[in-house]
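Keep the viewer open and follow the residues as they come up.

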There are 2 protein chains.
Amino acid sequence: MSKFEEISPADFFYRNRDIAGFSNPARALYSTIRELVENSLDACESIGVLPDIYISLRHVKGPVDGTAVYRVKILDNGSGIPGSKIPLAFGKVLYGSKYRLKQTRGTFGLGGTMAILYGQITTNKAVRVVSSTGGASMYEYELTIDIRRNRPRVIRRRVHKNPNGWRGTLVEFYTEGDYFRSSFRIVEYLKQTAMVNPYAEIVFADPRGRLYVFERCVYEMPPPPKETLPHPYGVDVETIQRLIAHTETKTLLDFMTKHFHRVGKAIASKFLEAAGLNPKLNPKRLGREDVVKLVHHMKSFKGFLPPDASCLSPLGEELLKAGIEKELKPEFVAVTQRKPSSYSGYPFIVEVGIAYGGGITKPGITLYRFSNKIPLLYDEASDVSWKVVNQMIDWSRYKVNLNVDPVAVIVHICSTRIPYKTVGKEFIADRPEIEREVLNGVRTVARRLMLHLSRKKRIQREKKR
Amino acid sequence: MSKFEEISPADFFYRNRDIAGFSNPARALYSTIRELVENSLDACESIGVLPDIYISLRHVKGPVDGTAVYRVKILDNGSGIPGSKIPLAFGKVLYGSKYRLKQTRGTFGLGGTMAILYGQITTNKAVRVVSSTGGASMYEYELTIDIRRNRPRVIRRRVHKNPNGWRGTLVEFYTEGDYFRSSFRIVEYLKQTAMVNPYAEIVFADPRGRLYVFERCVYEMPPPPKETLPHPYGVDVETIQRLIAHTETKTLLDFMTKHFHRVGKAIASKFLEAAGLNPKLNPKRLGREDVVKLVHHMKSFKGFLPPDASCLSPLGEELLKAGIEKELKPEFVAVTQRKPSSYSGYPFIVEVGIAYGGGITKPGITLYRFSNKIPLLYDEASDVSWKVVNQMIDWSRYKVNLNVDPVAVIVHICSTRIPYKTVGKEFIADRPEIEREVLNGVRTVARRLMLHLSRKKRIQREKKR
Ligand SMILES: Nc1ncnc2c1ncn2[C@@H]1O[C@H](COP(=O)(O)OP(=O)(O)OP(=O)(O)O)[C@@H](O)[C@H]1O
Ligand SMILES: Nc1ncnc2c1ncn2[C@@H]1O[C@H](COP(=O)(O)OP(=O)(O)OP(=O)(O)O)[C@@H](O)[C@H]1O
Ligand SMILES: [Mg+2]
Ligand SMILES: [Mg+2]
């Protein structure tokens, strides 16, 4: 007879940790660093503070060229975490503060917890967290994760005075890793992070005693991303039913204007008329079939305004150009920021850069991918940008010889929801709207590279005379 | 101030349903059919019964060449589900009977539930399930999923008499789909399923009134897969602690022999001596550091026997050859079953086939991928078999001209754990051990194709004289 079981989300991601990016000690070390850095950057941006992030990775025991035990430590000056929430933030999977409709690096509520989980199952040691939101107290916890029940086990809790009003978070734990095999990608990740977060200062003390310092070259935070309301094009029966369950509105007209993005009274009235629904009806009295009818009409009504991307926080052409110049030192750079667009009701902005020559030496196209200011370093062949750059662009039309010319293409996509195809945030799905924007962005900058290359050729020919 | 929330696993996979393969109506229809068929095949194999599976997909309303409402119905003669478990099996994510260490198609405990969830959020209708395990009663349920709480809502429950002792499961629900865009892949999925499950009879009544019948051509079930004990090479701190928590053994020696695969008293004694652990020690008294020490030594001790693959249920060379001949009708076929191997303590067997000409007309290599007898039709460029076939084999050395010669390569991997990289089971990670076995398997059959091609050339030259 079949034996039925239920497993917790922590158990699910423990058993399937490769799906979350923790497949082996080398990859796990990379994922650990990235998850922690992304949490720190989100925390600083949430309070509009220039990020100061210090990461220390120290070899503890085992071979330096193989699987060994490392101590991971990260300190930031971000928002901090309220004392009562610290155990849940790090000891529970599917728990977090980023389930809102807002541009953040975090999205799943499990990254930081997975890093700690992996450390626990390989070293059997607890994690130590110290955090303060700047108030009178600083909270220190030592905890482990009860994987089967998906909840923290607090081993020790201390409350310290916080006389200097320090605000931020310190996370420290031990984990099995393989720095020999992952150092290149870890350093590359930090370099590329510095490239698209030029206002952040990141210091990395590596196990070999080397100190990597990525200084900020911008001294002002960009306007922060804002939380936004759902757009009519993104709804389904479940979203509508949740809104109805909690709404305080008493009419369908108020329901539409209060809960949806850019829906005013005029548009709402036109819409309800087109949908054949009574604007005075109490939303809580919508029948089963009418909810489906409402969803269908919301998706197909042409009169809604497109999502407004003012809630997003793109890099901007100036910063993108500066970041590329600083990191890649090319002979030529061109950047473009596409007009805002949307997919399934989610606004997004694509920014594309192209760079040629100088510090870029490898012939052909080297692709740099970013989503919500996170560098994506794995599985590029499955990514929408790869598909565009390698299958949809005929580079010879832009006078680029792939066997000779060293070109870098940089694509950044920011959105209230990035359509990652994996829990490890490795690559982005080829949604038609996103594909189109990336394609047009690459064409725009490729044209400018073409002009540069023809001008360069012309100058060289004139020199020969 | 950040607002912290916890979400249920159903809510997580609802919000991130593209990660589970439910990204749009066309893809969702494909995923729906595959998840249901895989559940039915697992159910029949679990009781050693020749599978009879009937699938009906009927267009209900909406455009026939776009997004529309479909009624999905699937009936099988499998194990059935105990009455009290039916609501949980279909109304709860991370719940199922396939969390054991055994070769099954299902592995995550969420596929069937996701299909129903997608149907619910697009049509707002309940699912109807009728099932019996062959006893005196047949259970009929109508239920919906409470996504926020990850639990079923039973709308109606009926118990019927079962005078004929029927055993099996019927699932019926409505969902939004796009058959126009997914019909090709759905039919291809069923064809390829028939190819590697030649003992199954599958009937598919499609929305266009067409009946696809895949008759069985084998009348005996293969030996069923068996549940196995974990292997020492696959452990970590968490596995050991769970075993210790539940063990009834009183000594480390008994602990090793009782809980691990192919560990007898002699090997266990040698191991404990090498690990510097007292064989008489009560496992429940192992200290924190000693658990880590035990894990390290279990992973590195060279004296353990490799995992025994007798628990697996591969296709076998005869059936694989017959399946390829029946479906592809080629001029030439060669197949090979590799010796069992293992990765991280999980046993696996790779079976490779190559086919040329005849019904295969497209020049170059067409890759067919299977894992635990499931056809994989998406994201081939990210799969380990694709990497082997396209990056690691020089086909010209085997006298294959990729611009002219029509070749199909068929790879089947079966294991107690398939290292899928995604929740949607789209492609397999390039674990070194698996990569090596696929590479050697392809080389073996490529050599035989080479002999066939040279013989064919020789015959053609002689004819010309
Ligand atoms: N350094 C930090 N400073 C402030 N808050 C933090 C920090 N690290 C984690 N948190 C809090 O803990 C929560 C859980 O973090 P976790 O990384 O597990 O998930 P997430 O960041 O929400 O999503 P993702 O899985 O996509 O990373 C976060 O939402 C955040 O509220
Ligand atoms: N047709 C069926 N016959 C018998 N049992 C079934 C059937 N369909 C589903 N079940 C039961 O319901 C459980 C949950 O199914 P579900 O598809 O959600 O998960 P799974 O098959 O265990 O894993 P996966 O997510 O990988 O498919 C199964 O484990 C099985 O016990
Ligand atoms: Mg995070
Ligand atoms: Mg299943």
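## Charge, fold and core

In chain A, the mean positions of the 73 positive and 48 negative charges are 1 Å apart. Lys and Arg count as positive here and Asp and Glu as negative, while His and the chain ends are not counted; each charge is placed at NZ of Lys, CZ of Arg, CG of Asp or CD of Glu.

A word on conventions: this is a predicted model, in which local features need pLDDT of at least 70 and side-chain atom pairs count only at pLDDT 80 or more, whereas totals for chains, interfaces and linings use all residues. Residues are numbered from 1 along each chain as its sequence is written, chains are lettered from A and ligands numbered from 1 in the order in which they are written, and side-chain values use heavy atoms, with hydrogens and water left out.

Chain A has 12 helices and 16 strands; these are DSSP runs, helices being H or I with at least four residues and strands E with at least two, numbered from the N terminus. The radius of gyration of chain A is 25 Å, close to the 23 Å from the globule rule for 465 residues, so chain A is as compact as a globular protein of that length. That radius is taken over C-alpha atoms, and the rule is 2.2 Å times the number of residues to the power 0.38. Along the principal axes, the C-alpha atoms of chain A fill a box of roughly 80 × 65 × 60 Å.

Of the 465 residues in chain A, 60% are buried, where buried means under 20% relative accessible area, exposed over 50% and partly exposed in between, with a 1.4 Å probe and protein chains only. Among contacts in chain A with a separation of 6 or more, 73% join residues 24 or more positions apart; a contact means heavy atoms within 4.5 Å.

The largest nonpolar core has 192 residues, and those with the most contacts inside it are A:W395, A:V409, B:W395 and B:V409. Such a core is a set of buried Ala, Val, Leu, Ile, Met, Phe, Trp, Tyr and Cys residues joined through side-chain atoms within 4.5 Å. Beyond four places in sequence, the residues that B:W395 touches include B:I354, B:V409 and B:A446.

| Residue | Phi | Relative accessible area |
|---|---|---|
| A:L94 | near 70° | 0%, buried |
| B:N372 | near 45° | 4%, buried |

A:L94 sits in the loop between α3 (86–91) and β4 (95–96) of chain A, and B:N372 in the loop between β14 (364–371) and β15 (374–376) of chain B.

B:P307 belongs to the loop between α9 (288–300) and α10 (317–328) of chain B and is buried, at 8% relative accessible area. Its C-alpha is 9.2 Å from that of B:P232, 75 residues apart in sequence. Contacts of B:P307 beyond four places in sequence include B:H231, B:H261 and B:P347.

A:H452, in helix α12 (residues 432–464) of chain A, is buried at 12% relative accessible area. Beyond four places in sequence, A:H452 is in contact with A:E331, A:F332 and A:Y356.

Finally, B:G165 lies in the loop between β7 (151–161) and β8 (167–177) of chain B and is partly exposed, at 34% relative accessible area.
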